Amino acid sequence: MRVSAPVAFTTVSDHVFRAPKGTRDILWPDSARWRALVESFSEVVGSAGYLEVIPPMFEHIEVFQRLGEATDVVRKEMYAFEDKAGRVIALRPEQTASVVRGFAQHRPGLPYKAWYAGPNFRYERSQKGRFRQFDQVGVEALGPTDPHLDAEVITLAWRFYERLGLRRVRLLVNSLGSAEDRVRYIDALQAYFSADRDALSEESRATLEVNPLRVLDSRREPDAALIDAAPQMPDFLSDDAAAHFASVTGALDAVGVPYSVSPRLVRGLDYYVRTTFEFAAEALDAAQNAIGGGGRYDGLAAELGAPETPGVGFALGVDRTLLACDSEGVFGPPAAAVDVFVVDASGGTEAVVLTDQIRLVGLRVDRAWDSRSMKAQMKAADRSAAALAVIVGDDEKAAGTVIVRDLRGDGGQETVTRDQIIETLRARLR
Ligand code: AMP
């Protein structure tokens, strides 16, 4: 870029850089909680044989276009750009397409059960719980059409929420039928809404042109009455699709996962067939209470170049799931970054050795810096919220001992020899 006019120069004091709109810095302790959430997710889905896949954060734009030209995510919200070689690249707005593209490229054995975690990018209007860079965790299971696989993925999401401690999550399920059932339903909706086109909101009239199913998602006032009386998907299900769905709900009943059937749950992607589902957090406002969702996408793998391979999966929003945890007062952030704080008033060399020794046995330990006074170091120990302090002064150094002080309430203290330190710390932390 050539700059023709002088650029205004701001001094550091009056110019503070900020993260771009729709993005945030996740600082500790939120970052620790974030990581704990992903860890917990990986354990839940890992217990069912799902293995991690780490797809790239950008793809050739065509990969995402396969999700359907009519979806908002593809039509309006994608961050796309031309790279230096003239390829049109898009930052991933979601990960199903990338995971399935990876499946088509590498053809791992079936069933292919994968999980992922990471950021997606959508140029959305940012607000509480809606960001331009947001994280999801999710699974994709390719191969079987078995309805019990649909029930497995739904159950795993449910168990994950339970494990976080969430109690006010509502599961909505529906079936969109086979690809043919879906087409018949879309035709019926098209005819129904077109007959009363003028009664629809302007946005819904535009949506009707590209994807009549999405009109059902409208929460705009003028559309409510028409949507209420619209044809319902269950009336268009073939026997086969109805039996598949009955088997999914039967399996959910068998494992005791509560759900409601919501005939209007259609979800965005053009490739969804048969099962669709969504999780809503009752503790959040309606505008951002969708904390996760998914469904079956039997046509997507073939669209991306693999042999016809059915698939089912879900994505859960990390940001919103944590908001739901806040609202329910569960899965709180950790209180402290370290377990132990070393206070060395004998010159500083002791702290170098002690921190290393304590870390080597797997405890988390920090220390003060810059040879501060004993008092300043004790203050730093309190601020760290560590449970225990290991204190060395000149006397302790000479005697080969340390003081282990409990910083929690009136925990007391004891003087121990060097070889008793680890044992003492462990006993007190237990
Ligand atoms: P979707 O991929 O649109 O089906 O979204 C799945 C989940 O991701 C939603 O239920 C949300 O929890 C989350 N999500 C989607 N878009 C955003 C966003 N812009 N900001 C935060 N979370 C989002």
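Ala, Val, Leu, Ile, Met, Phe, Trp, Tyr, Cys and Pro count as nonpolar here, Asp, Glu, Lys and Arg as charged, and the others, Gly among them, as polar. Keep that sorting in mind for the spots below. What you're looking at is a predicted model, where local features need pLDDT of at least 70 and side-chain atom pairs count only at pLDDT 80 or more, while totals for chains, interfaces and linings use all residues. Residues are numbered from 1 along each chain as its sequence is written, and side-chain values use heavy atoms, with hydrogens and water left out.

**Domains**
- The protein splits into domain 1 (30-177 + 237-328) and domain 2 (340-429), with bounds from an automatic or database domain assignment.
- Between the C-alpha centres of domain 1 and domain 2 there are 47 Å.

**Around the ligand**
- The ligand has 14 residues around it, and R122, E124, F131, R267 and A290 are the closest; a residue gets in if one of its heavy atoms lies within 4 Å of the molecule.
- By class, that shell holds five nonpolar, four polar and five charged residues.
- Now for polar contacts, meaning pairs of N or O atoms within 3.5 Å: E124 has a polar side-chain atom 2.5 Å from a nitrogen atom of the ligand.
- In the side chain of Q136, an N or O atom is 2.9 Å from an oxygen atom of the ligand, and a polar backbone atom of I291 is 3.4 Å from a ligand oxygen atom.
- On its own the ligand has 480 Å² of accessible area, and the protein covers 88% of it (Shrake-Rupley method, 1.4 Å probe).
- Two or more shell residues come from each of β6 (133-142), β10 (290-296) and β11 (311-317), and β10 gives the most, with three; strands are DSSP runs of E with at least two residues, and helices are runs of H or I with at least four, numbered from the N terminus.

**Second largest pocket**
- A pocket is an open set of points on a 1 Å grid over the protein atoms alone, with protein on both sides within 12 Å along at least five of seven lines, and lining residues have an atom within 4 Å of a point.
- The second largest pocket has 13 lining residues, with R24, I26, D30, D319 and L322 nearest its centre.
- Helix α12 (318-328) and helix α1 (30-46) each supply at least two lining residues, and α12 has the largest share, four.
- This lining has five nonpolar, one polar and seven charged residues.

**Largest cavity**
- A cavity is a set of grid points where a 1.4 Å probe fits but cannot get out.
- L67, T96, L269, Y271, Y272, Y297 and L300 line the largest cavity.
- By class, six of these are nonpolar, one is polar and none is charged.

Notes
A polar contact is a pair of N or O atoms within 3.5 Å; within protein, one must be able to donate a hydrogen and the other to accept it, and residues adjacent in sequence count only if both atoms are side-chain atoms.
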